[in-house]
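Subject: Structure for your review

Dear colleague,

My notes on what was found in it follow.

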Amino acid sequence: MTDDSRPYGRRAFLALVAGGVSSLWWANPASRVLSPLTSGVSQLAGNLFPVGGWRIYTISGSMPIFDPSQWRLQIDGLVRRPVSLTYDELRALPRAHQVSNFHCVTGWSVDGVRWAGIRLQQLLRLVDPLPSAHAIRFVSAEEPYDDSLTLEQALLPNVMLALEMDGQPLSRPHGAPARIVIPEMYGYKGVKWLARMELVAKQPTGYWEGLGYDQNAWVGRSNGYSS
Amino acid sequence: MHWVHAAAFLVLLATGLSLYLPSLAEAVGRRPLLKTIHVYTAIAWAIALLLVFLVGDRRALLRTAREIDRFDADDRAWLRRRQAPQGRLNAGQKLNAVITAAFAVLFAFTGFFLWYGERDTRFRLPQALLVHDWLMYVSLLLFLGHLFLAVLYPRTRHALSGMTRGWVDEQWAIEHHRKWVEAVRQDAGHADPGVRGTG
């Protein structure tokens, strides 16, 4: 080693670690600037990389498999007429379309998602909820995932039971055949692989709520976010 | 030491990608198991490093650490893409080591918040995921470059011999790490088995 050597190694190490930790503060704004570039790259990579920014989360060992001949959507609980709908019966109901943004509580979003599905009013009309019903519990085929919305939240204009995403029937990772969509709340409220809707008097503690996440998961106004 | 890093990195990369890429997530499934493997591999890696340090040749390790830290005029010239004689580790290798070490710390830091944030929302740092992602993108690029130079690129791939067999060809070392050969020859009495003649 000659005398003119400088301790760049440790300086670079410390600078990187400090820069990395500090990036927790500037990562989001920086990413907004860079995102046209990164999503362009994503699109080039086609289906290999998370196109458009989707990440697929599950809580169990494997995703439920949709078998159209066996699948039923149960709607029961505090209702006058419980029903068990087949996939075809569901598809026959009046269809709604919307374009909305999807936000995950972990910090990523996908903008401009095209959903097609059934407004919850349509489904509630089929079962005629009792006056004692104030909330809906959504049960996933992926056990033990469940979540809930108050009736008032369930009837918001952009809430639906989605059957299609971006022009295609829901794929398996995205919750085939049906998932709840509520754009004003974080994605964990939108139960995938929906198997049952239960009308209840009071919102129960759902899967993520049991781990401390907010029941009323309004985007930007819950779970520690404030914007 | 290098192979502890390599093994851990590959397991973390494989499990990480299966958590991250939708196509793999669907094919592999087993998300909770993958997360567990991912986290415990990281912890095992840290413990393994500690063990190597405690049980191995600490002096040699510290010597290497000092080498990595010091960039002399030749190193700096090399980084500016000028020809300059290099030591046992060239400036690029030193940089790679520094970046990898810093990233390991940052991965662990953000990973801690990802792991605990899922279990207790008070630990959920909104940007942890984004930073962990970007560390992964850059690491992947560095890793591919590393593999290219170590396995494919004819001028540098002989270095792999140093990692697998513990020695390199003397002529190659003179060309790529001249100052190291000179230092070794100076200590000729204390034979360093790291260089072998071609004769």
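A residue is taken here as buried if 20 or more other C-beta atoms lie within 10 Å of its own, as exposed if 12 or fewer do, and as partly exposed in between. B:Ser139 therefore counts as buried, since it has 21 C-beta neighbours inside 10 Å. This residue belongs to helix α7 of chain B. Between the C-alpha atoms of B:Ser139 and B:Ala150, which are 11 residues apart along the chain, the separation is 16 Å.

Please bear in mind that this is a predicted model. Its scores are ipTM 0.74 and pTM 0.79. For chain B, the average pLDDT is 87, and 94% of the residues score at least 70. Among the elements of chain B, helix α3 (residues 31-55) has the highest mean pLDDT, 92, whereas strand β2 (residues 195-196) has the lowest, 56.

Helix packing in chain B

Two packed helices are described by the angle between their axes and the distance between the axes. In chain B, helix α6 (residues 91-119) and helix α7 (residues 128-152) have axes that come within 9 Å and cross at roughly 145°. The crossing of α6(B) and α7(B) is left-handed. By class, the residues of this contact comprise 11 nonpolar, seven polar and no charged. On the α6(B) side they include B:Phe103, B:Phe107 and B:Phe113, and on the α7(B) side they include B:His132, B:Ser139 and B:His146. The buried B:Ser139 is thus one of the residues with which α7(B) meets α6(B).

The domain assignment divides chain B into domain 1 (2-169) and domain 2 (170-199). The C-alpha centres of these two domains of chain B lie 28 Å apart.

Chain A has four helices and 10 strands, and along the sequence they follow the pattern α-β-β-α-β-β-α-β-β-α-β-β-β-β. Of its 227 residues, 34% count as buried. Among contacts in chain A between residues at least 6 apart in sequence, 64% join residues at least 24 apart.

Backbone points to check

Most residues other than glycine have a negative phi, and most peptide bonds are trans. The following places depart from that pattern.

- A:Glu143 and A:Pro144 are joined by a cis peptide bond, with omega about 0°; A:Pro144 lies in the loop between β5 (135-140) and β6 (146-150) of chain A.
- A:Ala176 and A:Pro177 are likewise joined by a cis peptide bond, with omega about 0°; A:Pro177 lies in the loop between β8 (168-169) and β9 (179-181) of chain A.
- B:Arg30 has a positive phi, near 50°, and is found in the loop between α2 (22-28) and α3 of chain B. With 17 C-beta neighbours inside 10 Å, B:Arg30 counts as partly exposed.
- B:Arg81 has a positive phi, near 65°, and is found in the loop between α5 (73-79) and α6 of chain B. B:Arg81 is exposed, because 7 other C-beta atoms lie within 10 Å.

With kind regards

Note on methods:
Residues are numbered from 1 along each chain as its sequence is written. Chains are lettered from A and ligands numbered from 1 in the order in which they are written. This is a predicted model: local features need pLDDT of at least 70, side-chain atom pairs count only at pLDDT 80 or more; totals for chains, interfaces and linings use all residues. Axes are lines fitted to C-alpha atoms, for helices over the stretch in contact, and angles run from 0 to 180 degrees between N-to-C directions. Helices (H or I, at least four residues) and strands (E, at least two) are DSSP runs, numbered from the N terminus. A crossing is left-handed if the near helix is turned anticlockwise from the far one by less than a right angle, and right-handed if clockwise. Two residues are in contact if their C-beta atoms, placed from the backbone, lie within 7 Å. Ala, Val, Leu, Ile, Met, Phe, Trp, Tyr, Cys and Pro count as nonpolar, Asp, Glu, Lys and Arg as charged, and the others, Gly among them, as polar. Domain bounds come from an automatic or database domain assignment. pLDDT is the predictor's confidence in each residue, from 0 to 100.
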